[in-house]
Amino acid sequence: MKKAFTLLPFLLILLVSCKASAPGGLESAVAIEMKKIKIGGKDWKNPTPDNDESVKMGAEHFQHHCQVCHGLDGHNTGVPFATKMSPPVLDLGEKDVQEFADGQLKWILENGIRFTGMPGWKGILDDNEMWHVVRYMRHLPPKGSLGIPAVYQESEEEHEATEKGAAGKSEQKPHSHQHEHKHAAGEEHHH
Ligand code: HEC
């Protein structure tokens, strides 16, 4: 949860730099083909066991590093900008993604996807952690079942608190003050 905050400045930069017009049908079809050619790892074998424990470990890493863009469930649930990015954040449960071999998903995690908002994770996640995340991506929970990532919930609450304040409620001030403080501390920690 704390980690998600440190990603936010980075996200803002991405959003600003991703204003390019949405690619047209043909263009994006070509882009998708190019992407498939460039993705390696096809023959890499997933060394982690295919069991609940692997999935659970993968889920934990996913919920640390990936939820800000992909949602807790991998289907972008509650991510306000998912469809506004160019290209948009993919629903990881979709056929296009699930058709990749485990090794290709691992390769994507290591390297990211060039010219998109999908970063590479080499040096952040180790090999084993990435393989666990791949396991999780094979067993994503149903869309919406895990709710909205806390980062976005919090901003909704703040928004509400501000509105209540504007409506003239007096007892909300300790609450909103605490929120401001938390954010400031998070920033300091990051720099
Ligand atoms: C800053 C936002 C962001 C974060 C954080 C992020 N992703 Fe992505 N991801 C994207 C975007 C945008 C795409 C779509 C890229 C494209 O169109 O090729 C994507 C695509 C993907 C794909 C599909 C690749 C494809 O093109 O088919 C996988 C798999 C994936 N992400 C996994 C992850 C995992 C696992 C994590 C966490 C370790 C993660 N992503 C973190 C933005 C993000």
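## Model and confidence

Residue numbers start from 1 along each chain as its sequence is written. The model is predicted: local features need pLDDT of at least 70, side-chain atom pairs count only at pLDDT 80 or more, and totals for chains, interfaces and linings use all residues.

The average pLDDT (the predictor's confidence in each residue, from 0 to 100) is 80 for the protein, and 62% of the residues score at least 70. The pLDDT is below 50 over residues 16–22, a stretch that has five contacts in the model beyond near neighbours in sequence. It is also below 50 over residues 168–191, where there are ten contacts beyond near neighbours in sequence. Here two residues are in contact if their C-beta atoms, placed from the backbone, lie within 7 Å.

## Overall fold

The protein has nine helices and zero strands. Helices (H or I, at least four residues) and strands (E, at least two) are DSSP runs, numbered from the N terminus.

Of the 191 residues, 24% count as buried. A residue is buried if 20 or more other C-beta atoms lie within 10 Å of its own, exposed if 12 or fewer, and partly exposed in between, with C-beta atoms placed from the backbone. Among contacts between residues at least 6 apart in sequence, 70% join residues at least 24 apart.

## Ligand shell

There are 26 residues around the ligand, and Cys66, Cys69, Thr116, Gly117 and Met118 come nearest. A residue is near a molecule or strand if its C-beta atom, placed from the backbone, lies within 6 Å of it. Two or more shell residues come from each of helix H1 (2–17), helix H3 (52–65), helix H4 (67–70), helix H5 (95–98) and helix H6 (102–111).

By residue class, the shell holds 20 nonpolar, four polar and two charged residues. In this count Ala, Val, Leu, Ile, Met, Phe, Trp, Tyr, Cys and Pro are nonpolar, Asp, Glu, Lys and Arg are charged, and the others, Gly among them, are polar.

Helix H7 (residues 127–138) has twelve residues and reaches 17 Å from its first C-alpha to its last, close to the 16 Å expected at 1.5 Å a residue. The expected span of a helix is 1.5 Å times one less than its number of residues. Nine of the twelve residues of H7 are buried, so this helix is largely enclosed by the rest of the structure. The buried residues are Glu129, Met130, Trp131, His132, Val133, Val134, Arg135, Tyr136 and Met137. They pack against H3 and H6.

The largest nonpolar core has 21 residues, of which Leu109, Met130, Val133, Val134, Tyr136 and Met137 touch the most other members. Such a core is a set of buried Ala, Val, Leu, Ile, Met, Phe, Trp, Tyr and Cys residues joined through C-beta atoms within 7 Å. H3, H4, H6 and H7 each supply at least two residues of this core, and H7 gives the most, with six. Not counting residues up to four places away in sequence, Val134 touches Asn46, Gly58, Asp102, Leu105 and Lys106.

## Helix H3

The 14 residues of H3 should span 20 Å at 1.5 Å a residue, which agrees with the 20 Å between its end C-alpha atoms. Ser54, Val55, Gly58, Ala59, His61, Phe62, Gln63 and His65 are buried in H3. The cover over these buried residues includes H4 and H7.

## Loops and backbone geometry

Lys42 lies in the loop between helix H2 (25–38) and H3. Lys42 is exposed, with 11 other C-beta atoms within 10 Å. Leaving aside neighbours within four places in sequence, Lys42 is in contact with Ala101, Gly103 and Gln104.

The loop between H4 and H5 contains Pro87 and Asn76. The peptide bond from Ser86 to Pro87 is cis, with omega near -5°. Asn76 is not a glycine but has a positive phi of about 65°, and Asn76 is buried, with 21 other C-beta atoms within 10 Å. Phe115, in the loop between H6 and H7, also has a positive phi of about 65° without being a glycine. Phe115 is partly exposed, with 13 other C-beta atoms within 10 Å.
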